[in-house]
Amino acid sequence: MPRNEASRVTGEWDDGGKRTGRRKVIRYGVPVAVAGVAAATIGLVPAFAGAGDPDLPEISAQDLIAKVAASDVQQLSGTVRTSTDLGLPELPGGMGAGALGSGQGKGGASADPKDKLMELASGTHTLRVAADGPDRQRVSVIDKAAEYSLVRDGAKVWGYDSGSNTAFRATGPESDAPKKGDQRRAMPKGLGDVTPQELAEHVLDAAGDTTSVTVDGTAKIAGRDAYQLLVKPKQAGSTVGSVRIAVDADNGVPLRFTLTPKSGGAPAVEAGFTSVDFAKPAASTFAFDPPKGAKIVDGDRVRTQRHDDAAGDLPKGLPGGLPQGLHEARAGDGGGLDVIGHGWTAIAKIEGEGEGEGKAGEGKEAAAGQKAGVPTGDAAKFLDSMGEKVTGSFGSGHVFSTRLVNALMTDDGTVYVGAVDRQSLIKAANAAK
Amino acid sequence: MSRAETVVGAAEVRVSRGPSPLWTLGLLRNEIGMTFRRRRTLVLLAVLALVPVLVGIAIRVQTEDGGARGGPAFISLVTNNGLFLVFTSLAATLPVFLPMALGVVAGDAIAGEAGAGTLRYLLVAPAGRTRLLLVKYASTLVFCLVATLVVATSALAVGALLFGLGEVTLLSGTTVPLAEGLLRALAVAGVVALSLIGVAALGLFVSTLTGSGIAAMAMTVGVVITLQILNTIPQLHAVQPYLFPHYWLSFADLLRDPVYWDDIRRNLGLQAVYALVFGSAAWARFTTRDITA
């Protein structure tokens, strides 16, 4: 390196500046090259990771399902990334999660697992999960500069929200009975203690007329080789395009769950491990003492367990699980519930005191004499702005659409909800009349 | 004027062909001394030290009637443990105050010399432009560290005074002894300082472009603020992971149990890339341009 470049540059300048120009180009090439290499690395690393689909021996869908059923992995810890894009309309001022969380609202500072886990229903989240046997689990939702942890150790369930420094206490069920029950319910009944092979057969039989189940290639997930199980509804009218479940080739643990709507685009629901370890997590992981100074909320009657499962087992969703789950969620809204159809195109019909009544109620009260109870004035305008007006032999109503779930609310307050397109909803409403 | 000293010193060392590492060290020491003797730098540091005081008093006043809610990160945890004031203050200063102070120092590094007409004298010394640039960058980095530590120390003192110290509850709800909490606080300060190396390189590059120190400072700070605004626009979601402020708040992940490294690693990697790109751009510019001032 010349000691005094300043004079040298001047000297070269006198020579005609050509060499200076070249040197300039070379030197400026360095930052450009660095940026290029960095961009290429960032761009190519995921591409390489994707291209490196592992070579695994062929396996039939039945064997793969059997593998999942036979999987007896009890201990794992890892990081899960979930992203949910249901296409729900944006509500102003964070009303979205709050409104869904049945509004126990104390300014959003609740450590109630129910409220917290509702937040997972939209957007992208990082979760850390750990499990050791059926009785000890931990789920932590990693937020920006905050964290929500749900720890279960036997009968003790603790939730801790660092954002509001609140701890939530509940007593969980002693044994694993409800959890097992949940999983069984997702499968056809009468499958007490069958072998995984038989179980897989039953699942495929049951899926037969409504669903196609195939093995579709392999993938590398969280550094592990995995088979991809592709589940596709056969029924026309379903809004679900496909469900893809990546299953660890080694031990049959589902590693990633992807649900793509028929309309295409980004997955509506994606949950998968970004890192996973099947070693026994440290015992301290499941130990929890409420921190000094934290506010403690007692919430024994809350259905902690269900949500615990919902979050912990997200990637483990079984083929039938999702539509069923949707119905369960809707069922909670009360009123007379009817399920029309079966499989993917099942439609829930909620009558009478359903949530529709609440919204349309204003109109109904006002026009008590009118039989149909058509919403009038502002209420009608509000409905028109939210949903699309449709008519059929059932009368008229509004269709509210998201990417996955459509709902038809007729003017007399009956609500039809399902993961089906609007034609199917109208047909169902017509048929129900 | 210490510039004159440098020139004299340089003349003495001219005997050997390449300047010895010791000489570079001397140059660095000189440069750091220059930076921290400036009244402007001292005022900047004083302002930074004042931020935790204001935050601490604000929390104290607010929590006298019920708990604190909203506001910067960790604010609800401060009342239980003054140590959290360190994290709150760093979270509050990292987006604006720290980059602004850094922009002033980094932006002034070359442009200030050029503006004052001292740059050509500095180059007479047998330091070489590359070495001079490295020394300038190193002293800017030292400023990053000192500025962060000033905020942290002031916050710790204010926190201890107003709220007291004690066992630390991590974000995961685990309680650790104060000693470990202090260690984590030190690590947080380190990560915050490292989060600024990208801005420092950017400031240095801008500083080589212009002969006016003020213009360099304004531009550096402007870029930092613009990128942070872009970082909040949801429609730009696809490019945001490549903006250097994107992972700044990831230092909070050091307070989880176990520590969540992913975002911290991404943050540091991103800062390193920015430092390399803008550092080499500054080098390309500085070693090829004509020094007229």
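This is a predicted model: local features need pLDDT of at least 70, side-chain atom pairs count only at pLDDT 80 or more; totals for chains, interfaces and linings use all residues.
User: Is Ser89(B) buried or exposed, and which residues does Ser89(B) contact beyond its neighbours within four places in sequence?
Analyst: Buried means under 20% relative accessible area. Ser89(B) has 0% relative accessibility, so Ser89(B) counts as buried. With neighbours within four places in sequence set aside, its contacts are Pro52(B), Val151(B) and Ala155(B).

User: Which residues touch the most other members of the largest nonpolar core, and which helix gives the most to this core?
Analyst: The largest nonpolar core has 88 residues. Phe74(B), Phe87(B) and Phe251(B) touch the most other members. The element that gives the most to this core, with 10 residues, spans residues 129–162 of chain B and is helix α8.

User: Which residue of chain A does Phe74(B) touch?
Analyst: Residues up to four places away in sequence are not counted here. Among the residues that Phe74(B) touches in chain B are Phe84(B), Phe87(B), Leu171(B), Phe251(B) and Leu255(B). From chain A, the list holds Ala145(A).

User: How many residues are in the second, separate core?
Analyst: This core includes Ala207(A), Leu404(A), Met409(A) and Val417(A). The second core is separate and has 31 residues.

User: How many aromatic pairs does a search of the whole structure find, and what is the distance between the ring centres of Tyr160(A) and Phe288(A)?
Analyst: Over all chains, the search finds eight aromatic pairs. Tyr160(A) and Phe288(A) form one that is tilted, with 45° between the planes. Centre to centre, the distance is 6.1 Å.

User: Why does the pair of Tyr160(A) and Phe288(A) tie together parts that are apart in sequence, and how many residues apart are they?
Analyst: Both Tyr160(A) and Phe288(A) are buried. Tyr160(A) lies in strand β5 of chain A, while Phe288(A) lies in the loop between β11 and β12 of chain A, so the pair joins parts whose separation in sequence is 128 residues.

User: Which residues do ring pairs link into a cluster with Phe205(B)?
Analyst: Phe205(B) counts as buried because its relative accessibility is 17%. Ring pairs link Phe205(B) into a cluster with Phe244(B), Trp248(B), Tyr274(B) and Phe278(B).

User: Over the ring of which residue does the charged end of Arg129(B) sit?
Analyst: The charged end of Arg129(B) is 6.0 Å from the centre of a ring. That ring belongs to Phe286(B).

User: What is the helix percentage of residues 185–206 of chain B?
Analyst: An unreviewed UniProt entry places a "transmembrane region" feature at several spans of chain B, including residues 185–206. The end C-alpha atoms of this span lie 32 Å apart, and its strand content is 0%. Its helix content is 95%.

User: How many residues apart are Arg403(A) and Asp85(A)?
Analyst: The side chains of Arg403(A) and Asp85(A) meet in a salt bridge of 3.0 Å, N to O. Arg403(A) is in the loop between β16 and β17 of chain A, and Asp85(A) is in the loop between β1 and α4 of chain A. The pair links distant parts of the chain, and the separation is 318 residues.

User: Is Asp85(A) buried or partly exposed?
Analyst: Arg403(A), at 18% relative accessibility, counts as buried. Asp85(A) has a relative accessible area of 36%, so its class is partly exposed.

User: Which helices does the pair of Lys136(B) and Glu31(B) tie together?
Analyst: The side chains of Lys136(B) and Glu31(B) meet in a salt bridge at 2.9 Å, N to O. Lys136(B) is buried with a relative accessible area of 2%, and Glu31(B) counts as buried at 6%. The residues are 105 apart in sequence, and the pair ties together helices α8 and α2 of chain B.

Notes. Residues are numbered from 1 along each chain as its sequence is written. Chains are lettered from A and ligands numbered from 1 in the order in which they are written. Side-chain values use heavy atoms; hydrogens and water are left out. A nonpolar core is a set of buried Ala, Val, Leu, Ile, Met, Phe, Trp, Tyr and Cys residues joined through side-chain atoms within 4.5 Å. Buried means under 20% relative accessible area, exposed over 50%, partly exposed in between (1.4 Å probe, protein chains only). Helices (H or I, at least four residues) and strands (E, at least two) are DSSP runs, numbered from the N terminus. Contact means heavy atoms within 4.5 Å. Rings of Phe, Tyr and Trp (its six-membered ring) pair if their centres lie within 6.5 Å; planes under 30 degrees apart count as stacked, over 60 as edge-to-face and the rest as tilted. A charge sits over a ring if NZ of Lys or CZ of Arg is within 6 Å of the ring centre and within 35 degrees of the ring normal. UniProt positions are given in the numbering used here, feature names are shortened, and annotations may be inferred rather than shown by experiment. A salt bridge is a side-chain nitrogen of Lys or Arg within 4 Å of a carboxyl oxygen of Asp or Glu.
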